Structures are given as structure tokens and as C-alpha cells.
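Hello,

Please look at it first; my notes on what was found follow below.

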Amino acid sequence: MYDGPEEMDNLVWDKNDEDAEKSQDTMRLKTKCRLVEGLVFQKLGKPGILVPPLIMGGFHVLYRIRLEQESPDIMVRLPCPDLVPFMDEKVIQEAATAAYVAKNTQIPVAKQLAYGQDDTVGSFIILQYIQHKESLSGRLTTPNEDLSVTHVLNPSFDEVTLHGLWTQVARCYLQLSQLTFPRIGSLIEVDYGSFEVAGRPITHNMCNMDRLANIPHAVLPPEGRTYATADEWYVALAEMHMAQLLFQHNDAVTSEDDCRNKYVARLVFRRLAKQGRLSTFGFAEDDWSARSLKNKSSTLAPAPSGSDSFRLWCDDFRAGNILLDDFDEISAVIDWEFTYAAPTQFALDPPWWLLLSQAEEWPSSMDNWSQTYEPRLETWLSAMKEAEESMEQPSPFSVPLSTYMRESWETGRFWLSYGARKSWFFDTAYWRYLDERFFGDRESDISQDDLWRTRVHLLTDAERDGMEAFVERKMKESRERIIVDWDAQEAIQCLGEVLCS
């Protein structure tokens, strides 16, 4: 059974690493640092000097600048070429989101002093430096002298302290849940202090599709595209999963049956999205899944509106981006990249980061991740209930958010959202956690190689007829390790043929 992430295109990944290293070296050059200092003077009218060292983030470089006779310092945030696709769009959306959150909530956000594009340094954001002791992730992780080790929640961490820290974060979640938007997409500041959902959602998965698998941009949501319904976005996510399988030339499949499994799962998932079923799964309106038919007596909370009322979702909202002061109080929530107005269903799931590590990065099995996650989820839900009791604003939902989050885990909605957002984890999410909840139990002794046989009948005749040609194509590709750059129109046509659309 699938038990973790599938392989990205390692040939593309290696090339990206080489290109990114060169870009980072350029970002460190003294000439670049002087340009950054010049940008600060141009935008703020005050001279400043660089305070080393530079902070090399996952996608950005941070330059700390000290202004003459002023405090606090400021931070200049520049995206690193070859690490960040869609740079100009992404920076504008991130800055607009942070400004919107700062204006409409009490969540502490770093004050933005300027953002945009500059002829000398490219896209930029200038922020006030936030005094802090450490991140929430650093506070909660198992102590380790090797700072490069992925953070994992310390199993011995004091429960009372953990509850208190998470109660603060839960209040942030509750404030974000109060914000609603008429369409799915990214915020743009159309005039000073005025915001609209006018940009396409730029997701972490799209970024990985570009830089770690060389998926052609032509098959991703086009610039400026927004979505009117949750179902439309679920369809777009499903089609990006198929695009990942189709256009990832290397390391996408391990065998013919592995390819069939992935082909069948993606097309079935897309059909459920087009039928409007994914948006109701695990809610009171779910009258189609095997899970709902098996548990007719259970009473679930109603599904959120599928149109006109969406909520902010941040792919990168995690403990590492929550800064704490000396008294364990949140001093700021930072890095609002990959944030967009999304189906409210996403906001009704419990946080994926409670163990600090993503499920696909867990050093043991997925079953072990789930078993370790569940008791921590109880702590989180207790913290959420405490935060709900202290909220002055009425809940925007008919039932408490904590109830939605508990039901998300119990019904498997958590895995639907998680798999929908992650192309390389989709196969584990689908076959391990979703398929039998959707369609009922498979035979107990079914092998991984035969999973596709249990659901191939759900495909259309055209989809079944196209499967073997698709498998033959992917197996042929696997024998020739090259990087392919697709013509835009050919890519669109090829994806349309596979989707039979």
C-alpha cells in the first residue's frame, strides 16, 4: 500500500539545485547588498547599512538593514530566482495578503513599509524587523544540536505549556475564519488599502510542479484566473494532479501497474470533483459515499457554502512561521506566501503541522504518523474550544470550528484536503485513506499492484480505452532520462486528450 510521497523528477530537481545555488551566490554578492541598501534609501528616504548574516529561507533571501538613528531594523525580502516561479505575482499577492490580515484582524503581522518591483533588485517586500526569541517550531521541537534536522514535536513537551501556546494559535485561526471572500483566488491591492480577489491561486504544489518536475506553465491555472465555486477549484486541483503524472518525465512511475493505479485514481478523483461530491464529503450533505451509507445514524455538521463565501488558506501557515517573544507570547505570524481565498472546507480541517513535520516527511510509516497525531489533535481541539469561549465575535459557522475539525479527522475529510493540495502525496491519500471511504471495502488481500482493478470500472469507456496507451507512453519515458520542455499549445492539447475533454 502507498505509504508516503512519490518521487519528484530527480533530474529536474538536481538541475534546479544547481541553478538555485548559483542564484543564491549572486544574492550574496556585495554588489547585490549595496543595491538593497540603495533600494531602502530610495523607498524610505533614509540611509541604512546591512547587518550580516543574510538569512537564506526556503524561497527567499532576507537582508537585515539598520537605519541611522532608528529602531527597529528593517528586513528586505527578495525572492531567489530558480527557487521561486511566478516571482512578481507571488510577491504582490503575499504582500497584499499580509496587509489585508493586518488591517482586518488582531493577528500580529510584520509591518510592511513598501513592496513591488524595482529595476535593480526585482520584486521586493520591505518589512519592520520583529523582535523575537524563537519560532514556535523551535520552541516545540525535540532538542538537537544538528540544526539541519527537520523539526519534530518533542514527545516530552509539557502539556500545559503546549495547550497555552496552541490556544494563542487557535485564536489566529478563529480570526481568519471571520474573513470571507466572494471568489477563490489571491488577493491584490488594487488601490491603497483596497483589496480584491483578482489573482490566480499560487500554491506550494504549483511551485513544486514548476521547479521540481518541469510541468509546463500552460497547463496550470492561467494568470488572473479566479474561481466561482469550490467545485471548480477541486476540478482544477484534480487536473493538476493528472498534469503532474502526464508531464513529469522522470521518476513518475515505477511499473505498469503503478502507472495504472495513478491514472485511475486521478480520473476517479476528477470525476467526483466534477460531480460536486468532493465538496460535500464528510458533511451532513454527503449522501453518496460508502462512509455516509455505513454511518447513517451519525449526525454531521453541514457543508459550508460552495459559492460566494470562501476563506483564506495558507499552504505555509505552520509553527516555523509563528514567532514567539521571551514570554511565550506570539510576536508575529510571518511569511504569507501561498495564501489565497480557498474553499472553506480547507479552513475546517485541523492543522497538519501539529507534529511540526509534514505527514510525507515523517521518518516512520503513515500509520505511525496518524497514531502520533491523534493525541496531539486532542490537545489542539481542547485549545481551540478554550479560544472559542473567549472570542467576542459570534462564530461565522452554525457549529463550532472545533467540531468541524474533529469531524474532519474522523470522517477522513482531512485527507481529502491534504491529498487535493499535494500531487506527490495524492496516491497515498487516495488509496490509503479515501478510496474505501468513497466506494466501500476492497478485498482484504488485494495487492498494491492490483488496486486499479478494483476501480477501473468507474472510468468512462474513453478513459479505459486510453489507459494502456498512457501506460505504454510513461514506461517508454522512464527508459530515457531527459528534461523535456513542452510547447504550450501541444501541452494543452495533450492534457485535454488524456482528460477526454
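**Cysteines**

The count of disulfides comes to 0, taking a disulfide as a pair of cysteine sulfur atoms within 2.5 Å. Please keep in mind throughout that this is a predicted model. Cys207 is one of the cysteines in no disulfide: the nearest cysteine sulfur belongs to Cys80 and is 11 Å away. Cys207 has a relative accessibility of 1% and counts as buried, because buried means under 20%. Cys314 is in no disulfide either, and the nearest cysteine sulfur, that of Cys172, is 12 Å away. With a relative accessible area of 7%, Cys314 is buried as well.

**Salt bridges**

Side chains of opposite charge can pair when their charged atoms come close. The structure holds 35 salt bridges. I picked out a few of them for you.

Arg266 and Asp427 meet through their side chains in a salt bridge of 2.7 Å, N to O.

Another salt bridge joins Arg413 and Asp349, with 3.6 Å between the closest N and O atoms. This pair, too, links distant parts of the chain, 64 residues apart. Arg413 is in helix α13 (residues 413–421), while Asp349 is in the loop between α10 (344–347) and α11 (366–390). Arg413 and Asp349 are both buried.

The salt bridge between Asp73 and Arg66 has an N to O distance of 2.9 Å. Here the two partners fall into separate classes: Asp73, at 6% relative accessibility, counts as buried, whereas Arg66, at 40%, counts as partly exposed.

**Surface charge**

Which residues form a negative surface patch? They are Asp14, Asp17, Glu18 and Glu21. One of them, Glu18, is placed in helix α1, which covers residues 10–28. Residues in such a patch have no salt bridge, so Glu18 stands apart from the pairs described above.

Regards

Methods: Residues numbered from 1 in each chain as written. Predicted model: local features only at pLDDT ≥ 70, side-chain atom pairs only at ≥ 80, totals over all residues. Heavy atoms only, no water. Buried < 20%, exposed > 50% of the residue type's maximum accessible area, 1.4 Å probe, protein only. Patch = residues over 30% accessible without salt bridge, like charges linked within 9 Å, V, L, I, M, F, W, Y side chains within 5 Å. Areas by Shrake-Rupley, 256 points an atom, 1.4 Å probe, with all protein chains shown as cover. Salt bridge = Lys/Arg side-chain N within 4 Å of Asp/Glu carboxyl O. Lys, Arg positive; Asp, Glu negative; His and termini not counted. Charge placed at Lys NZ, Arg CZ, Asp CG, Glu CD. Helix = DSSP H or I, 4+ residues; strand = E, 2+ residues; numbered from the N terminus.
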